[in-house]
Structures are given as structure tokens and as C-alpha cells.
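Subject: The structure, and what turned up in it

Hello,

Here is the structure I promised to pass on. Please have a look at it first, and then read on for my notes.

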Amino acid sequence: MSGEETPRDLTLILVRHGQAEDPGTFAAGTGSPDCDRPLTSQGVKRMKRAAKGMRELIDGVDRILTSPCTRAEQTARILARELDHGTVERAVELAPGGDPAELTQWLAHTLSGSGGVVMLVGHEPDLSRLIAWLCADSATSLVEIKKGAACAVYFAGTPGKGRGTILWLMSQAQLRKF
């Protein structure tokens, strides 16, 4: 026996943060950086309903990793409460502007052999570019992840460029209908 573990199957659930305050209005009113921009009250309400729909689609989650930006962290905490998962992990790698190749390397390292269901909460256009990279070996976006939407990508083993299969992609409105 080699002592190496066989990589377990992994499903990534990529979620774009919910509706946040207008960037221009927020910056003008607070002088704070864009990363501090919170969800609106409607964004919170819609995300809670979408999270209930996600609970119907997935049977629990093993980890929730989020961008350090306020709107993504708030979204991740809503999902964690609804999915009965207490811990949300901040990942600077999920902050806006991530490169799909670097994110893939980080994911392969961070999730190596862990398997299960891992949720990533982040931003556009990063998430749609990451999905294209993981599923089609392309840096060009193939899908659009609207606010509060989610996409499940399956891997037989460690995530890598071109190794993923999209299981489902649902808008926030679709998730709220469950």
C-alpha cells in the first residue's frame, strides 16, 4: 500500500453574494472602501429565502469559505445558519479580482483530499471565470452568476482545470421558489 489517500469526490457550490448597497452611493455616503459595502435589507431577506431553497438541493455542507468583503461574509453567514453549518472561513483568495488559475491551485491545495461539499461565496466576474476554468479549461466566462445565484460543480477527486462538471446553476429567484 502506498500510504496515499485516494482523493474523495468533491462538489463545490459557488455562490455570488446577495444584493448589496449601490457602490457609488455607499462610497459617497461613507467614504469606506467597496469591500465594506453591506447587503441591503432586501438582499438579506432574499438571500434567506434562497438559502432555504439551497437546503432542498444539497444535503449539508462540509465547509463554507467566503471572500473577506462584508457583502460576501453576510451572505455566507446566512447560508451557514440555514444549512446548520456553524463555521464560516474567510479566504482572501476569494476577494474580488481573483485569477482562475491561481484560485484553482489554491483550491487544490486547500481542499486536497477533503471531498464532500464545499461552498465558496464570492464575486463576479470571478466566479463565472472560475467555473469556465474548472469545467471547460477556458478563461472566458461561459455562465453568468447573478446576485444570490449558485452553481454546483462536481469533481471526481481534486479540483483542477477542466476537471469539473456543472451539476446545476440556479438564479436567486429560482432558489427562492423551493
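A definition to begin with: the radius of gyration is taken over C-alpha atoms, and the rule for a globule is 2.2 Å times the number of residues to the power 0.38. Please keep in mind that this is a predicted model. For 178 residues, a compact globule would have a radius of gyration near 16 Å, and the chain agrees with that because its own value is 16 Å. Along the principal axes, the C-alpha atoms fill a box of roughly 60 × 30 × 30 Å.

Now the overall layout. The chain holds six helices and six strands. Read from the N terminus, the elements follow the pattern β-α-α-β-α-β-α-β-α-β-β-α.

Strand 2 runs parallel to strand 3, and two bridges join them. Leu65 has Glu89 of strand 3 as its bridge partner. Strand 2 is also parallel to strand 4, this time with four bridges. There, Arg63 is partnered with Val118 of strand 4.

**How the helices pack**

In general, two packed helices are described by the angle between their axes and the distance between the axes.

- Helix 4 (residues 100-110) packs on helix 5 at an angle of about 70 degrees, with the axes 9 Å apart. Angles of 65 to 115 degrees count as roughly perpendicular, so helix 4 is roughly perpendicular to helix 5. Their crossing is right-handed. Helix 4 brings Pro100, Ala101, Leu103, Thr104 and Leu107 to the contact, and helix 5 brings Arg129, Leu130, Trp133 and Leu134. Sorted by class, the residues of this contact are seven nonpolar, one polar and one charged.

- Helix 2 (residues 41-57) packs on helix 3 (residues 70-82) at about 40 degrees, again with axes 9 Å apart. That angle makes helix 2 oblique to helix 3. The crossing of helix 2 and helix 3 is right-handed. On the helix 2 side the contact is made by Val44, Met47, Lys48, Ala51, Lys52, Met54 and Arg55, and on the helix 3 side by Thr75, Ile78, Leu79 and Glu82. The contact of helix 2 with helix 3 counts six nonpolar, one polar and four charged residues.

**Two backbone details**

Most residues other than glycine have a negative phi, and most peptide bonds are trans. Where does Asp84 sit? Asp84 is in the loop between helix 3 and strand 3, and its phi is near 55 degrees, a positive value in a residue that is not glycine. The other detail is the peptide bond from Glu124 to Pro125, which is cis, with omega near 0 degrees. Pro125 belongs to the loop between strand 4 and helix 5.

Note on methods: Residues numbered from 1 in each chain as written. Predicted model: local features only at pLDDT ≥ 70, side-chain atom pairs only at ≥ 80, totals over all residues. Heavy atoms only, no water. Pairing = 2+ DSSP bridges. Axes fitted to C-alpha atoms, helices over the stretch in contact; angles between N-to-C directions. Parallel < 35°, antiparallel > 145°, perpendicular 65-115°, else oblique. Left-handed = near helix turned anticlockwise from the far one by under 90°. Contact = heavy atoms within 4.5 Å. Nonpolar A, V, L, I, M, F, W, Y, C, P; charged D, E, K, R; others polar.
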